[in-house]
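Reader: I am new to this structure. Please show me how to read it, step by step.

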Amino acid sequence: MTSLRQRKGSRGKEATPAVEVQAQESNCDWSWGAIIWTSIGWSVSVGLGLLCSIYVATLHENDLWFSNIKEVEREISFRTECGLYYSYYKQMLQAPSIQEGLSELIHDNLTESKRTINLLQRMNIYQEVFLSVLYRLLPLQAYLEPVYFYIYTVFSLQAVYVIALYLTAWLLAGSWLAGLLTGVWYILNRVDTTRVEFTISLRENWSLPFFALQVTAVTCYLRPQLSKVMVWLMYVTTCCFCLTWQFNQFILLVQALIVYILDIVDLFTTTQVTTLYLVQVSGLLSVWLLQFCNSMVLGSLVLSFIVAALFIRHCQPALKTGGLLVRLAKVLLHSILVLLLAFIINSLTKKALQLRSDEHIFKFIKSKFALGPTRDFDASLYLCEEAFGLLPLDTLERLAGTLLLYPYVPTVLLLSGMLAVAVLHNLRYVMLSGKRGQVEAFRPDVAYNLLHSVLYGLLAFSTMRMKYIWTGHMCAVAAYGVCGTDLWTLLLKALRCNTKVLVHTSLSCPSLLRGIFLCPFWPKLMEELSELREFYDPDTVELMTWISTKTPKQAVFAGSMQLLAGIKLCTGRVLTNHPHYEDKDLRERTRQVYQVYARRSPEEVYDILKAVGADYVVLENSICYERRHRRGCRLRDLLDLANGHIMDGPGENEPDLVPASHPRFCEAIKTDAEAYTRLFTRTFQNKTFYVYKLKKKRKKSGKASSEPGVKQ
């Protein structure tokens, strides 16, 4: 990692020392013993992946008693947006044919009332389409229920995830023992590495395994002997990652920044940089085509950034010449130009495409870092959710409790120091007349994975939901620190120890750590696997059963996004809104429907619901009388703030807020006052839910009485 290499473009065509060493190793190491050792390594990777898959599947079964509950209870267990995505898998299976099922998705009028939308364009549901087609074509119907085919596929992807992390650690450390340590850490830190056992259909559970595979492919590509073979794998995994998660553009933006940083400090060659950029661009454009020319892809920041980076790089061929101060000035100017051009391209693209689908994300970012107003309803919905808050400190305590954090931190610090030395050496390089000198070599694959871990770690600290991208890769980096010979060589040289100790140290450390793991953690794993629970939500089951049996099939339901996703899955009824929030018109419609929890008159609420085509509205006590969030973050508070009204309960209010002229609708309608009963009829209620049917409004001459509502 500290050897020297020739700059690209030197007159001599001899191989660089680093390449020669790795070439010699690859040519000499393939004895029968090495083949057997490698075969064992591959077998262990598959075994660990299957172990993780079986582990999360068992936890899911034990938590819900999934095999013993009714079908409606199984469907209710797909909470919030998970239920919405699974409903399209169910819809495809219930269609008379694959062609008709696809046509229903492309011309869907059930997900949003009074609208026909292309679900394959709007949402990332190709995985549901693929699985449904596969299930229909394979002879599985007699042996496996559709729901099990679905959840077992997702759990199997966890095996792919673990194998990808295993291979990344193996490539970095040169020993599959690092992969073994990575897999063990991943399983032990399951609470912080995945949440697949209770959010099966969540998009990240589909996409992160492909992203981990892409990182493995990038690591392979950056090794001289494996470059060309990996380009297609990088492209395929990038496509799969982007196709399965709507937030792909922000993850790829961070990756593009990593490539950019390693380019300007001369740790990547021109070919490597161009290839990695083009793989991202081609992956995004392929997804753009598959999603029926989804404008959100063309308007993504990552696409604008890559175009800007390649253009400015072409216009500044002398970027990597000059002394230290000159290079630093050039790097600063180059970065400013790239960022400026990227924002200009992105702004012009969005204006040309009239793209406003992702503006709520930028509002959230501005509000999160106090760069804009925080009264915006959409931004506040995200800010008040724990998943979008800062990473809790107890996460680090858990990671330290499994001995993951202790090797990870010194590994990152030591590698960062070595990288800084290499970068300063490269930037200090002076271009001589007609000659090219030597630069400090730092393994490109190690440099990439280091920055990957650091930048995604910062992302995780800023937004807790993103920790699942970081913690898995964190296991691989920590395992590299424990098993990699590079760091041990440096450490032993610093301590002036005999380097023959290196082999014994790099082999004994992972074995020692595994022994430490098994002693305290094995009983805990067995205890966790022995805990048996059962799904129990009788109120929701009663609601879904009533809707299925007592309402017309074409009835339109209004309510909270989370509940409506379940109604779509369990009953197939038409919705007014849903949790897939990446559409401006839908966000505005959701805010309007949520006025049932605000202080509005019955006439206003009735007109809003009729405007979106609602026949029934479902009110939830858990929202109307919410106590889960603090004051200012309850849904009713967010609506009051957006409407300019004073919030409920003791506490300060901003001076421009005024008292509302009407009582809270979700509370007042239960009094059965005349102002409400002439517009709404209560058709169902239990301890959790109230369902009201909208009456046909009678025409009144000259009377507009909101007085009963005011009195309440």
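Author: We take confidence, then a sheet, then a single residue.

Reader: What is the mean pLDDT of the protein chain?

Author: This is a predicted model. The chain averages a pLDDT of 87, and 87% of its residues reach 70 or more. Over residues 1–28, though, the pLDDT is below 50. That stretch has 51 contacts in the model beyond near neighbours in sequence. Residues 430–439 also have a pLDDT below 50, with 27 such contacts. Where pLDDT is low, the predicted coordinates should not be read in detail.

Reader: Which order do the five strands of the open sheet have?

Author: Read E4-E3-E5-E7-E6, with mixed pairing. Strand E4 (574–575) and strand E6 (680–685) are the edges, and each pairs on one side only.

Reader: How do strand E5 and strand E7 run, parallel or antiparallel?

Author: Antiparallel. Five bridges join E5 (residues 616–620) to E7 (residues 689–694). In this pairing, Tyr 616 stands opposite Lys 693 in E7.

Reader: Which helix packs on the sheet?

Author: Helix H26, residues 538–550. It touches strand E3 (556–558), E5, E6 and E7. The direction of H26 makes about 25 degrees with that of E7.

Reader: Now one residue. Is Ser 286 buried or exposed?

Author: Compare its relative accessibility with the cut-off: buried means under 20%. Ser 286 has 17%, so it counts as buried. Ser 286 is found in helix H14 (residues 270–290).

Reader: What does the side chain of Ser 286 reach?

Author: The backbone oxygen of Ser 282, at 2.8 Å. Beyond its neighbours within four places in sequence, Ser 286 is in contact with Tyr 235 and Cys 239.

Note on methods: Residues are numbered from 1 along each chain as its sequence is written. This is a predicted model: local features need pLDDT of at least 70, side-chain atom pairs count only at pLDDT 80 or more; totals for chains, interfaces and linings use all residues. Side-chain values use heavy atoms; hydrogens and water are left out. pLDDT is the predictor's confidence in each residue, from 0 to 100. Contact means heavy atoms within 4.5 Å. Two strands pair if DSSP finds at least two bridges between them. Helices (H or I, at least four residues) and strands (E, at least two) are DSSP runs, numbered from the N terminus. Axes are lines fitted to C-alpha atoms, for helices over the stretch in contact, and angles run from 0 to 180 degrees between N-to-C directions. Buried means under 20% relative accessible area, exposed over 50%, partly exposed in between (1.4 Å probe, protein chains only). A polar contact is a pair of N or O atoms within 3.5 Å; within protein, one must be able to donate a hydrogen and the other to accept it, and residues adjacent in sequence count only if both atoms are side-chain atoms.
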